[in-house]
Amino acid sequence: MELVLKNIIKKYNQTVAVNDVSITVPSGKIIALVGPSGCGKTTILRVIAGLVSPDEGQVILNGRDITQLPANQRPTVTVFQEYALFPHLSVFDNIAYGLKTRHIKKGEIKERVTRVLNMLKISELKDRRIHELSGGQQQRVAVARSLVINPQVILFDEPLSSLDAKLRVEMREEIKKIQRETEITAVYVTHDQEEALAIADQLAVMKEGKIEQVGTPEEVYENPRNSFVGQFIGWGNLFSGEIISNSSDKIRVNMWGKELVLHSNGNRKYTGKAPVEIFFRPENVIPQEDGTWEAEILQKFFCGPTTRYRLKVSGLSESNPVLMDLFVGETGYQPGEKIRFNIRSASILAASKEKVSQENK
Amino acid sequence: MCRKAFFLIFLDNEGYHMESYLWKIKDRLTELIFWGMAIAVPIILLTFVLYPVLRVSLSSIYDGGQFSLKFYEQLFLTEKVKLIWNTAYLSFLSTFFATLLGLILALGVVRSSWPGKKIFNFAAILHIISPPFVSAIVYIMLFGRRGFITNTLLGLDVNFIGWQAVFFLQTIGNASIAYLIIANVLKRLDRTMEKSALDLGASKARVFFTITLPLLLPGITAAALLVFTNILADFGTPILVGGGFRVLASEAYLQVISLFNMGFAAALCFILLVPCLSIIFLEKLILGNRLFTSSVLSDEGSLDKELRFHPVVSAALYLVCLLFSLYTFTHLALIIIGTFTNIWGYDFTFSLRHMNSVWAQGFSSVKNSLKFAVQVAIFGPFLGMCAAYYLKRSRSIVSKGFEFLSILPYAVPGPVMGIAYVMSFHHPPLMLTGTAFIIVAICMIRELPISFNAGKAVLEQVGKNLEQASMDLGANRWDTFTRVVLPLMAPAYRVGMIHAFIHGMITIGAIIFLITPRNKVLTFEIFVAINRGNLGEGAAFAFILIVMTVAGLFLLNLPWQLPVLWKSIRERWLRSHGISPEKHYQEI
């Protein structure tokens, strides 16, 4: 079921929660809406669910305009952030709730509930009360309750935010697996960029009610369209530089007094002496004996598979360090050591700060 | 089945559209019910809360249709001004000591390892469900002119009545209310703060005075404010044991009942309303969001739960609790003894004559009391729940106003409300005085704040999320209301119901002005009996009332207790037949 949002606008009093958002979710795919809190992602979810009606725009499901359809008649279902399980009902009755309101026969209800109970591996909990469940179990019940009614679209509203870190990873893998198997179109809202990258087929990064970039997780990670996306998805270094020259395949940039060569990808937008923002990932900082820049290691943080360093580049202040990630197995360094490094790949995000603001207008 | 066949035969391909059409009709209907209720709630609030209160206030400044301050002149410029001073110092004194006693009881029951603390709790609850004037009967039985202690034992011919007696009875009577409120806050107090204070090196006594007491202060304030309103409303105790000592409430009663001087009574009522209404605002101002309680009730570490004071202080506090409990149980015993004693003070032989005369003349009062209490218990909380449901969502000024009206009866003293009703519903088109309806109505309205707040608390806790989830899963408004909202409100309904039942049984202040010979209730009979000097009969009525209240509470609890009981019996049965209950349930 292809889900299309067309020019959705929603205002609360004077504040614009969602500002002209258009998204297409291909049938059977999962799209993650990610952004800082208050960016309007949950409002979009509510609009799709029919719990909030948009001021302008359309929600189109499989070619049918469902904008005016009330929530209880939409083939969509939400997995709420706090689960919103009914405390007075057992696990079984919680899951059966949506079926009962559809006046489905008892035998069928039992069969369908049992099926999702098994799917989420919670059959032994079916007679428990909600308050007798752990957070992870409640999460499973919430997902089961949504799946059982065979929705055409399933909406996840930060479903894992109240679980601990390890459980969060397990659950998101499970959710992704179930979504694959059932092929239900899904919209997944989160403020956790790592979760978004892991779960999504498509990623939409939002800020202040607008969509900043849409693409596969890889595209968004490797080619952030602007500094906000770059900084929000993953970690990044953002520094200013100056264009020296722009040929058909290479852009030469002046960074900290040295020359950095980038692939231009046919981009001729930037010419002569323009100040630009240069963005590069910590893992693209490569220590090399004949490296272009010189730096001192300020701090070291061991994070398991990678080790993060804060570098003070010669000529820059300590309050403006460069982040560098080295993988396990690469040569490590100690604070105080002097190293030389190169930047493997970087992207030019904008011509200058003034231009950034002009672009936004 | 029928439904399904209908769809199969007529709808076929268009089933989807037809079904959504039916959805619409059903939604319309439920919408209509909701609208009906949404209109009824404001109308009831306006008619039975706002109108009477305005009416009584305005009546105090009109004499025969003319604006006049005559009644206030009578009050302030004659010797009647003494009423105000009497009321003021009695209220402050009784409130202070009742709250203090309540605090001591609460600390004793919740935070000590004293033996018999369960009995203290029981004593306090017994006080709350005992009818008004019971303490007055007992007091007269013990310390009256023919009192057991003063006359029979000591041979004195004195009558210990006067303001001291009123003060004593009010303090004892209201301590249990203060106790319940403070104990409730104390139980929910976030103990981690005390623990961290201890951890930081403070002594136990220091922790009590710098942490526990300040944290408890909002609870104590709430208790004191409620007790204060109660005492302002108390007209019975001053009349029965005050001798010549009069306060505003008792004067208002006398002005209405014996002189039918409604204008002056209205002025007295208005003077009583002023401090009571200010209390509502004071409560908001002082308490606001300052009730520091933790949602997690932890009972672990009951060792350091105990508060330790100097042994002498501890002993003194224990003695206070013990005396309070002793006095309470003496009450009950004396009521029973008094019921079956021939003539108290003269002839202490066993006799059934009070019981006989009560059954002969008072049977209709028994029936009425029960009838009214049950009606109030059923419909009162329903009104409160509806009001809570309708007023919680909207943030508009209008609904804020209605919310205020819903809790206003809490601050209007009973007699003031009663007099207001007499004035408001004595003329067409609302000619309701003399009917049973008006008695049930006033009790329902007086109970409204409790069930309203209970309902509101549940709804706030539930939040909008569950309702949204229900709609999202495909339920319509009616299903959502009946399957989610109502079941969740059941505990609040129960609280409201128990309160309303007790209130319906033992109330007097508000309804005494509305009672007609046909609608006499037990509390009224008690009052009349004592006023006639017939202690035995009063005791007999009180005895019946206590028995009925306890029995009624037991019956009201059954719907909640039975399923639990049933389950445990069933499990025992299954076990005795060698079936494990868990397995059995799974098979079902």
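Me: Over which residues of chain A does pLDDT stay under 50?
Reply: Hi! This is a predicted model, in which local features need pLDDT of at least 70 and side-chain atom pairs pLDDT 80 or more, while totals for chains, interfaces and linings use all residues. Residues count from 1 along each chain as its sequence is written, with chains lettered from A and ligands numbered from 1 in the order written. For the stretch in question, the model has nine contacts beyond four places in sequence (contact: C-beta atoms, placed from the backbone, within 7 Å). The pLDDT (predictor's confidence per residue, 0 to 100) stays under 50 over residues 351-361.

Me: And what pLDDT does chain A average?
Reply: Let's take the whole chain now. In chain A, 94% of the residues score at least 70. The average pLDDT of chain A is 85.

Me: How many bridges join β1 to β4 in chain A?
Reply: Strand β1 of chain A covers residues 3-12 and β4 of chain A covers residues 56-61, and the two run antiparallel. A:Ile9 stands opposite A:Glu56 in β4(A). The number of bridges joining β1 to β4 of chain A is five.

Me: How far apart do the C-alpha centres of the two domains of chain A lie?
Reply: An automatic or database assignment sets the domain bounds: chain A is divided into domain 1 (3-231) and domain 2 (235-360). Their contact takes six residues from domain 1 of chain A and seven residues from domain 2 of chain A. The C-alpha centres of these domains lie apart by 37 Å.

Me: Which elements of chain A each supply at least two residues of the side that touches chain B?
Reply: Between the chains, 18 residues of chain A are in contact with 17 residues of chain B. On the chain A side, the elements that each supply at least two residues are β6 (76-79) and α2 (91-100).

Me: What share of the contacts in chain B between residues at least 6 apart in sequence join residues at least 24 apart?
Reply: Chain B has 22 helices (DSSP H or I runs of at least four residues) and four strands. Taking its contacts between residues at least 6 apart in sequence, the share joining residues at least 24 apart is 80%.

Terms used:
Contact = placed C-beta atoms within 7 Å. Pairing = 2+ DSSP bridges.
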